[in-house]
Amino acid sequence: MGRVSLDTLLRRSEKNMGSGMNAIVKKSALELIRRAYKEGINAQISHGMRTYAQQNALYAQGRTKPGSKVTNARGGYSNHNFGLAVDYFLTSEDGSKAIWTVNSDWKRVAAIAKSLGFSWGGDWTSFKDYPHLEMTGGLSTAQLRAGKRPSLTDRTGTKKVAPSKTVSKPPSSSSGSSWVKAAQEWGNSRDYPDKAGFNELDEDGLTGPLTFDAFLRIYQYFGKTAIDGVWGPKSRAVAAVQNKDDHTPGWTRLLQATLCLYGYKHKIDGAFGPLTDEALRAFQRSKGIKADGTTGPVTYTKMFEAA
Ligand SMILES: [Zn+2]
């Protein structure tokens with residue numbers, strides 16, 4: 001059994017954080033997972049954003065509901081309610097099991113987190129919360145409840161690329177993440193977030209569920225079907241047939257951008273040339289479907305169904 005991939009840990013972490021996270025906290029948490037991984041430590045984020053209602057349900061545990069107490073904070077009294085906190089844990093080598101032992105690896109993750117600007121719950125004196133990390137910018141939950149929001153410092157050392165309207169030449173990179181970033185920039189262009197109903201994507205070069213959700217919504221917008229971010233028969237029915245000989249720029253850009261999410265380094269220029277054909281066939285081969293260089297229901301299902 002091999003080591004769980006970094007991508008898997010990042011994907012799960014992004015998903016577990018949920019929507020509504022402060023952008024810098026989210027980015028820093030993902031950077032934390034990446035740095036720990038480089039040191040041979042498999043860490044993952046278990047929680048991020050929690051609504052007041054979710055917090056109240058958690059507070060009830062061990063009080064009015066069965067279980068043991070897990071929090072002293074009611075809704076609005078936890079930094080999780082403002083997208084400023086995350087919880088982490090370690091995983092087994094293959095990523096299949098969670099490890100909650102506060103060992104040297106656990107403490108090393110906390111140290112990396114602190115270098116990124118997080119405060120660690122393991123340093124608290126009254127009630128130690130070892131999985132907990134937060135960035136409050138010095139604000140109290142009372143101030144946060146009153147609507148104040150912190151201005152946080154990004155210590156990840158990764159620069160945010162200025163948004164651009166059209167993207168044709170992403171900067172070269174051996175990691176491939178600049179291609180994902182270019183795909184995310186494309187997703188944010190042309191008012192797609194408004195038209196297809198998703199929150200503007202973080203242009204962080206990380207392939208995650210939010211990016212796939214956005215692209216599926218753009219697909220549904222193009223297909224003029226119900227936009228719900230769920231792959232199903234209605235989405236299948238509007239799959240555009242696109243190939244080298246017969247294509248439109250919009251669908252071609254969506255195809256090129258989605259191929260970037262799958263690791264193919266591809267310009268998003270709307271021109272369905274030999275390179276697009278080749279990347280599409282490679283994708284089809286990798287999914288065990290007919291490698292005919294033509295998109296349709298089968299190809300799009302492989303692209304969006306499990307994403
Ligand atoms: Zn927490």
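A residue is called buried at under 20% relative accessible area, exposed at over 50%, and partly exposed in between, with a 1.4 Å probe and protein chains only. The model is predicted: local features require pLDDT of at least 70 and side-chain atom pairs pLDDT 80 or more, whereas totals for chains, interfaces and linings use all residues. Residues are numbered from 1 along each chain as its sequence is written, and side-chain values use heavy atoms, with hydrogens and water left out.

**Exercise 1.** Determine which residues coordinate the zinc ion and how the donors are spaced along the chain.

*Solution.* Step 1: donors are N, O and S atoms within 2.8 Å of the metal (3.2 Å for Na, K and Ca); water is not among the atoms, so sites may look incomplete. Step 2: His80 through NE2, Asp87 through OD and His132 through ND1 coordinate the zinc ion at 2.0 to 2.1 Å. Step 3: the spacing of these donors is H-x6-D-x44-H. Step 4: His80 belongs to the loop between α3 (52-60) and β2 (85-91), and His132 to strand β5 (residues 132-134), so the two tie together parts 52 residues apart in sequence. Helices (H or I, at least four residues) and strands (E, at least two) are DSSP runs, numbered from the N terminus. Step 5: His80 and His132 are both buried.

**Exercise 2.** Describe the salt bridges of Arg35 and Arg108.

*Solution.* Step 1: the structure holds ten salt bridges. Step 2: Arg35 pairs with Glu31 at 2.8 Å, N to O. These two are four residues apart in helix α2 (residues 23-38), which means a separation of about one helical turn. Step 3: Arg35 is partly exposed at 27% relative accessibility, whereas Glu31 is buried at 9%. Step 4: Arg108 forms a salt bridge with Glu39, with 2.8 Å between the closest N and O atoms. Glu39 sits in the loop between α2 and β1 (43-47) and Arg108 in helix α4 (residues 104-115), so this pair ties together parts 69 residues apart in sequence.

Conventions
Salt bridge = Lys/Arg side-chain N within 4 Å of Asp/Glu carboxyl O.
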